[in-house]
Amino acid sequence: IGPTSYSFGKLEMWCHTGQKRGIKVRELYEQLKGGDMLTRCFNLQDGYAIKKKGIGFLRKMFGGKTLVCWKSVVRKHPESFSESCLVPCILEFEGEPTIIFKWLDDFFSSDHVTPLFKN
């Protein structure tokens, strides 16, 4: 899906200007899809690789931000006709890297960043 190996120091951290005041998650997702940026995003496997590296790594490399794995957006119920989609995120919870899923109808602030592989 993405590169098999990469340097975390060479990732671009993208944050939409609207996130300073709060922006609907779905708007960010649509912009990433429309701007051809989605192919450069993390997927859930990248999230698990970061989780495995531990809390020290997450804090050092990403400064306490929540990382969004846009390439792994899923529907809650595959047979559902509604837009009940979720996106996986990596964050610190109780001193450990944790993966949670956020609704696309939620809002993200500037604490949510999108790591992008450089072209």
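User: How many residues of strand E5 are buried?

Analyst: The model is a predicted one, in which local features need pLDDT of at least 70 and side-chain atom pairs count only at pLDDT 80 or more, while totals for chains, interfaces and linings use all residues. Residues are numbered from 1 along each chain as its sequence is written, and side-chain values use heavy atoms, with hydrogens and water left out. Strands (E, at least two residues) and helices (H or I, at least four) are DSSP runs numbered from the N terminus, and buried means under 20% relative accessible area, exposed over 50%, and partly exposed in between, with a 1.4 Å probe and protein chains only. E5 is mostly covered, and the buried count among its 9 residues is 7.

User: Over how many bridges does E5 pair with E6?

Analyst: Two strands pair if DSSP finds at least two bridges between them. E3, residues 66–68, pairs with E5 in the antiparallel sense over 2 bridges, and E4, residues 74–75, likewise pairs with E5 in the antiparallel sense over 2 bridges. E5 and E6 are also antiparallel, and their bridges number 8.

User: What value does phi of glutamate 94 take in the hairpin of E5 and E6?

Analyst: Glutamate 94 lies in the loop between E5 (85–93) and E6 (96–103), and this residue is exposed, with a relative accessible area of 70%. Most residues other than glycine have a negative phi. In this hairpin, which has 2 residues between the strands, glutamate 94 has a positive phi, near 50°.

User: Is serine 84 buried or exposed?

Analyst: Serine 84 is placed in the loop between E4 and E5. Leaving aside neighbours within four places in sequence, serine 84 is in contact (heavy atoms within 4.5 Å) with Val74, Arg75, Lys76 and Trp103. Because its relative accessibility is 15%, serine 84 counts as buried.

User: How far is the backbone oxygen of glutamate 96 from a polar atom of the side chain of threonine 98?

Analyst: Threonine 98 is in strand E6, and, neighbours within four places in sequence aside, its contacts are Cys89, Ile90, Leu91 and Phe93. The distance from the backbone oxygen of glutamate 96 to a polar atom of the threonine 98 side chain is 3.2 Å.

Terms used: A polar contact is a pair of N or O atoms within 3.5 Å; within protein, one must be able to donate a hydrogen and the other to accept it, and residues adjacent in sequence count only if both atoms are side-chain atoms.
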